[in-house]
Amino acid sequence: MKRAASWAVAAATVAVTVGLAPHPPSGTDGPRSGTAAPARSAAMAAGSGQWTDTWASMPQLTEPGNMPPAPFTQGDRVLDNATLRQTVHVGPGGKRIRLRFSNAFGGADLPVTAVSVARPAGGKAGVGAIVPGSSRRVTFGGQPGFDIPQGAQAVSDPLDFEVAPGTNLTVTLYLAHGQASTSITSHPGSRTTSYLLAGDHVDDEDLSGATAVDHWYFLSGLEVWSRRTSSATVVLGDSLSDGRGSTTNGNDRWPDRLRARLAARPGTADIAVVNEAAGGNRVLRDGLGPNALARLDRDVLARSGVDRLIVFEGVNDIGTAGTSPADAERIAAELIGAYRQIVTRAHAQGIQVYGATLTPFGGHGYDDPAGAHESARRKVNQWIRTGGGFDAVIDFDRAVRDPDAPGRLRPAYDTGDHLHLNPAGYQALADAVPFALFHR
């Protein structure tokens, strides 16, 4: 880190909601727990708090290999008469929560019949059982069921349900009729196990005989009502932030480890680290999911309570570019131009932007014999460090590169593919983020 940063940050909350078509499905119970009436919601908005994202996942179009397995995917319908149970890892906690669900890539409306939240058995991530008596129903406009229009998202009513910082939460959905399309929204790189079971088991204490899958479907955000001093830092990234190489159900990606560091200090304990990364994602052009420039509004600017953004993305753009000297110059210039665009748009919402240098990939398939891609990476990193485009710099390259071969990862951090990091490497990235960036 070549320059310290300590300055006041203006927080901006940009809330995006959609018109819901609530409907009370037949054969389902009403809500079990109190939900916020409009008057209460207005009172909350006028109070001394705000909604802040504490967890999120980047919505993507589900690839064929990541679809729910048979019989949950049929020729023209997905999750027909099926229960889906998922767990998420909470950053800062709160006494009230609300959920976000996404139908951004659905080929039809998404009719959700019922939703509940509960505490997972043993407090663990990726388990199918919940703590007995902990299940509470979630409502939307006071109704237990709702239709999310094609391409839209939905935000639940506030629910009095206390979640402690750094814990796990179980979210269970039941779809009585499924989604009438095989184009559905998910986050394949969940690194967390979810469970599918035929029938309505929203409040069941265990999903005996359920099918396990390591993906999230439809669920895209968890918000807590918190003090106005709380805030969210969003990570815009690719598989290196999504956690390829991390431990399934271990929550040891570098954003998770950074959040743990912040939680250990009183002055930063109320700052969330919201992971909006996806494997294969690129800054300039669509890859796995929309490019970063296209998804910036949805995944960063429309999140709740965001005042900081960490940009750690560009390796996939470089690795898929041409390998001539001219190609290297072009992709480096295009990435720098894209970073400037991201900073400009984030600043318009009062969000500070921190640039992270790109980590090495020597020995990986991105490492071309002529060295064009490495040349582009170094040009981009030089600009991140010295170009003055970002509000501060996080030097991830320096944290994990091999000192004897700077174009390669340290062997102790390398998963073996020479691109992705193991848990020790992700811890090194988290440790490289200066606390000064989070001073008020």
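Where is Leu79 found? In this predicted model, Leu79 belongs to the loop that runs between strands S3 and S4. Its phi is positive, about 60°, although Leu79 is not a glycine. Most residues other than glycine have a negative phi, and most peptide bonds are trans. Leu79 has a relative accessibility of 1% and therefore counts as buried, the cut-off being under 20% relative accessible area.

Two further features were noted in the loop between S3 and S4. Asn81, which lies in this loop, has a positive phi of about 50° and is likewise not a glycine. The relative accessible area of Asn81 is 34%, so Asn81 is partly exposed. Pro71 also has its place in the loop, between strand S3 (60–61) and strand S4 (82–89). The peptide bond that leads from Ala70 to Pro71 is cis, and its omega is near 5°.

Strand S4 takes part in an open sheet of six strands. The strand order is S8-S7-S12-S4-S14-S15, and the pairing is antiparallel. Strand S8 (136–138) and strand S15 (211–213) are the edge strands, each of which pairs on one side only. From one strand to the next, the twist averages 25°. Within this sheet, S4 and strand S12 (residues 168–175) are joined by eight bridges in the antiparallel sense. Arg85 has Thr172 in S12 as its bridge partner. In a regular strand the side chains alternate between the two faces of the sheet.

A separate antiparallel pair is formed by strand S23 (residues 401–402) and strand S24 (residues 405–409), with two bridges between them. S23 and S24 make a hairpin in which two residues separate the strands. Asp402 is bridged to Ala405 in S24.

Helix packing was examined for helix H4 (residues 292–301) and helix H6 (residues 325–347), whose axes come within 11 Å and cross at roughly 30°. The crossing of these two helices is right-handed. On the H4 side, the contact involves Leu293, Leu296, Asp297 and Leu301. These residues meet Ala338, Gln341, Ile342, Arg345 and Ala346 of H6. Sorted by class, the contact of H4 with H6 comprises six nonpolar residues, one polar residue and two charged residues.

In soluble globular proteins, nonpolar side chains tend to be buried together. The largest nonpolar core of the model has 41 residues. Those that touch the most other members are Val300, Leu309, Ile318, Tyr339, Val380 and Phe390. At least two residues of this core are supplied by each of strand S18 (231–237), strand S19 (271–277), H4, strand S20 (306–312), helix H5 (315–319), H6 and helix H7 (372–386). H6 provides the largest share, ten residues. Residues up to four places away in sequence not being counted, Val380 touches Ile318, Ala332, Leu335, Tyr339 and Leu358. Another core, of 38 residues, lies apart from the largest one. Among the residues of this other core are Leu79, Leu84, Phe101 and Ala154.

Technical notes
Residues are numbered from 1 along each chain as its sequence is written. This is a predicted model: local features need pLDDT of at least 70, side-chain atom pairs count only at pLDDT 80 or more; totals for chains, interfaces and linings use all residues. Side-chain values use heavy atoms; hydrogens and water are left out. Axes are lines fitted to C-alpha atoms, for helices over the stretch in contact, and angles run from 0 to 180 degrees between N-to-C directions. Helices (H or I, at least four residues) and strands (E, at least two) are DSSP runs, numbered from the N terminus. A crossing is left-handed if the near helix is turned anticlockwise from the far one by less than a right angle, and right-handed if clockwise. Contact means heavy atoms within 4.5 Å. Ala, Val, Leu, Ile, Met, Phe, Trp, Tyr, Cys and Pro count as nonpolar, Asp, Glu, Lys and Arg as charged, and the others, Gly among them, as polar. Buried means under 20% relative accessible area, exposed over 50%, partly exposed in between (1.4 Å probe, protein chains only). Two strands pair if DSSP finds at least two bridges between them. A nonpolar core is a set of buried Ala, Val, Leu, Ile, Met, Phe, Trp, Tyr and Cys residues joined through side-chain atoms within 4.5 Å.
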